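Welcome! Below you will find a sequence together with its structure, and the paragraphs that follow will walk you through it step by step.

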Amino acid sequence: MLDLDDLTMCLAGLRDDPFTCGPGDLERIVQASAGAGFRGVSLWSLHAEQLAAEGYSAKAIARLCSRHGVQVRMVEALTQWATADRASIDEEARPLFALSVEVGAEEVLAVTLDNAAIDPEVAARGFAYTCD
């Protein structure tokens, strides 16, 4: 049976503006997630980049979460895989994978944000390359 320990809260969903996150914002949304009983969160790489620009490292994010009894389970999101463009995939994926290791995430979310239909064969090749 599932309980809150099995659920992962997307931190961006707790922001009025999900495309921005500073250190104070992160503290509030991690605390809110923990207070609601969540033990796992997903972190947008965009937020990690913004936090890093303010001197807040990936390790600091992981420590903050740990202090609240929350684990960064997932980092979001890989978006270039559906193109099968290896250079684009590498440019996006390598820093995302490094961030995942630094925060102790178990998963990286792969999504496509393109409004156009994707070619399943091309996307399959891109996804396979991303996973390798």
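**A walk through the model**

Let us begin with Asp25, which is buried, its relative accessible area being 17%; buried means under 20% relative accessible area, exposed over 50%, and partly exposed in between, with a 1.4 Å probe and protein chains only. Before going further, please note that this is a predicted model, in which local features need pLDDT of at least 70 and side-chain atom pairs count only at pLDDT 80 or more, while totals for chains, interfaces and linings use all residues. Residues are numbered from 1 along each chain as its sequence is written, and side-chain values use heavy atoms, with hydrogens and water left out.

Which side chains does Asp25 pair with? One partner is Arg15, and the two meet in a salt bridge with 3.5 Å from N to O. The term stands for a side-chain nitrogen of Lys or Arg within 4 Å of a carboxyl oxygen of Asp or Glu. This pair links distant parts of the chain, 10 residues apart: Asp25 belongs to helix α1 (residues 23-35), and Arg15 to the loop between β1 (8-10) and α1. Helices (H or I, at least four residues) and strands (E, at least two) are DSSP runs, numbered from the N terminus.

The other partner to look at is Arg28, whose salt bridge with Asp25 has its closest N and O atoms 2.6 Å apart. Both residues sit in helix α1, three residues apart, which is about one turn of the helix. Arg28 is exposed, with a relative accessible area of 52%, whereas Arg15 counts as buried at 18% relative accessibility. Together, Arg15, Asp25 and Arg28 form a network of salt bridges. Between Arg15 and Arg28 there are 9.6 Å in space, C-alpha to C-alpha, and 13 residues in sequence.

What surrounds Arg15? Setting aside neighbours within four places in sequence, Arg15 is in contact (heavy atoms within 4.5 Å) with Thr20, Cys21, Asp25 and Ile29. Thr20 and Cys21 are also among the residues that His47 touches, along with Ala12, Pro18 and Phe19, again not counting residues up to four places away. His47 lies in helix α2 (residues 45-53) and is buried, with a relative accessible area of 1%.

Now turn to the sheet. Four strands make an open sheet in the order β1-β2-β3-β4, with parallel pairing; two strands pair if DSSP finds at least two bridges between them. Because β1 and β4 (107-110) stand at the edges with a single partner strand each, one side of each has no neighbour in the sheet. From one strand to the next, the twist averages 30 degrees. Strand β3 (residues 71-78) pairs with β4 in the parallel sense over four bridges, and Val75 stands opposite Val108 in β4.

Helices lie across these strands. Helix α2 lies across β2 (40-44) and β3, at about 70 degrees to β2, where axes are lines fitted to C-alpha atoms, for helices over the stretch in contact, and angles run from 0 to 180 degrees between N-to-C directions. Helix α4 lies across β2, β3 and β4, running at about 175 degrees to β3.

Helix α4 (residues 86-103) also holds Asp90 and Arg94, four residues apart, about one turn of the helix. These two form a salt bridge, with the closest N and O atoms 3.8 Å apart. Asp90 is partly exposed, at 22% relative accessible area, while Arg94 is exposed, at 56%. In total, the count comes to three salt bridges.
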